[in-house]
Amino acid sequence: MIKRFIALVLLLTVGAIFAVLLLGYEPDAELNATARYYADHTAQDIGSANIVTAIVVTYRGLDTLGEVTVLFLAAAIVGLVLSQGRQPASAATRRNLTPVGELLATGSRFLAPLIMLLGVYIFVNGHLTPGGGFQGGAVIASGMLLLLLADPLKHFSHGLISMLESLSGLLYVAIGLLGLFLAGGFLDNRFLPIGELGSLASAGAIPLIYSLIGLKVGAEFSSMLASLTETEEL
Amino acid sequence: MSVLMLTMAVVLCIAMIGGAFVAISGKSLPVAILAAGLVSLVASVLFLILASPDVAMTEAAIGSGLTTFLFFFVLGRVRKGEHDGCGSDHD
């Protein structure tokens, strides 16, 4: 009874806070100073048509490096915990598995390459269209997920995935250092020519950095999914 | 924001609250997982209406794609464990 009463009071308090916030909300008539700076200077300084990408990769590039590191740690810990009880799928499990339907088998064979291509498209065009490394990586991982659903015993080379992952991480930091030595600062994209606004080969090193982030994120999610499906009986 | 967009946003919000309600109060676990995925999907459409396509993409791919898979995967694992624990012998 008291528990229920406390829950009700808590709910009402949170509701009251949100109501106050909502009633006091007025949409901004114009951009604030920081947003105005980004909107005015991105096109000339960074050369990226997508302002969000310019902020994520260049202005706040260090934060992105931190995010990628956090994701890497998560993937590493998932792999570590799951590899403790890993056993190769025995012939008995292989026989007991419910056969995959024709629709899923054919559909995944047809769709998975297209989904991965979309993921690559998203991160290569990160400086022109919405989306970027994280989104493209997640889309690539969902392509991998489809492959795993169609054939749960499919074996992915963990060596290849982890090599791809660490290599792109290393190159990402190396490009950041290049920016430090050849341009204005760490992760500065302007040591490559900025090019014409809106073309694919523009915005300096941003397409390069975002492609590396995309590969890294895709490899991390894929390795998590693969280790999840590979551990049979714990 | 035009009237049409506003109506759409309100309808989507109601669908989201309904989905969340089904997710926490439904009896069947698979239906609850699907309802939680639906909440994420509607949230991604709402992000799109609020002019943030980048966030919408992430929400659609991770929130409603990978998370739903993860929940189903764990559900299958847990059920398999229950099955073994009960000592049934047709396995």
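At what angle do the axes of helix 3 of chain A and helix 9 of chain A cross, and within what distance do they come? The views below take up this question and others in a predicted model.

**View 1. Helix 3 of chain A against helix 9 of chain A.** The two axes come within 11 Å and cross at roughly 80°. Helix 3 of chain A is therefore roughly perpendicular to helix 9 of chain A. From helix 3 of chain A, the contact residues are A:Thr53, A:Val57 and A:Thr58; they meet A:Ile206, A:Ile209 and A:Tyr210 of helix 9 of chain A. By class, this contact has 4 nonpolar and 2 polar residues, with no charged ones. A:Ile209 touches A:Val57, A:Tyr172 and A:Ile175, leaving aside residues up to four places away in sequence.

**View 2. Helix 6 of chain A packed on helix 9 of chain A.** Here the axes lie 8 Å apart, at an angle of about 145°. The crossing of helix 6 of chain A and helix 9 of chain A is right-handed. Helix 6 of chain A brings A:Gly119, A:Phe123 and A:Val124. Helix 9 of chain A answers with A:Pro207, A:Tyr210, A:Ser211, A:Gly214 and A:Gly218. The contact of these helices splits into 4 nonpolar and 4 polar residues, and none is charged.

**View 3. The largest nonpolar core.** This core has 50 residues. Which of them touch the most other members? They are A:Ala138, A:Ile209, A:Ile213 and A:Leu225. In chain A, the elements giving two or more residues are helix 3 (51-59), helix 4 (61-83), helix 6 (102-124), helix 7 (133-150), helix 8 (158-182) and helix 9 (206-230). Helix 9 of chain A gives the most, with 12 residues.

**View 4. Chain B and its side towards chain A.** Chain B holds 3 helices and 0 strands. Its elements run α-α-α from the N terminus on. Of its 91 residues, 20% count as buried. Among contacts in chain B with a separation of 6 or more, 39% link residues 24 or more positions apart. The contact between the chains takes 10 residues from chain B and 12 residues from chain A. On the side of chain B that touches chain A, 7 residues are nonpolar, 2 polar and 1 charged.

**View 5. Helix 1 and helix 2 of chain B.** The axes of helix 1 (residues 3-25) and helix 2 (residues 29-49) of chain B come within 8 Å and cross at roughly 160°. The two helices are therefore roughly antiparallel to each other. Helix 1 of chain B passes helix 2 of chain B in a left-handed crossing. Residues of helix 1 of chain B in this contact include B:Met5, B:Met8, B:Leu12, B:Met16 and B:Gly19. Those of helix 2 of chain B include B:Val31, B:Leu38, B:Val42, B:Leu46 and B:Ile49. By class, the contact has 20 nonpolar residues, 1 polar residue and no charged residues.

**View 6. B:Ala51 in a loop of chain B.** B:Ala51 lies between helix 2 and helix 3 of chain B. Its phi is near 65°, a positive value in a residue other than glycine. Most residues other than glycine have a negative phi. Is B:Ala51 buried or exposed? B:Ala51 is exposed, because 9 other C-beta atoms lie within 10 Å.

Conventions: Residues numbered from 1 in each chain as written. Chains lettered and ligands numbered in written order. Predicted model: local features only at pLDDT ≥ 70, side-chain atom pairs only at ≥ 80, totals over all residues. Axes fitted to C-alpha atoms, helices over the stretch in contact; angles between N-to-C directions. Helix = DSSP H or I, 4+ residues; strand = E, 2+ residues; numbered from the N terminus. Parallel < 35°, antiparallel > 145°, perpendicular 65-115°, else oblique. Left-handed = near helix turned anticlockwise from the far one by under 90°. Contact = placed C-beta atoms within 7 Å. Nonpolar A, V, L, I, M, F, W, Y, C, P; charged D, E, K, R; others polar. Core = buried A, V, L, I, M, F, W, Y, C linked by C-beta atoms within 7 Å. Buried ≥ 20, exposed ≤ 12 C-beta atoms within 10 Å, placed from the backbone.
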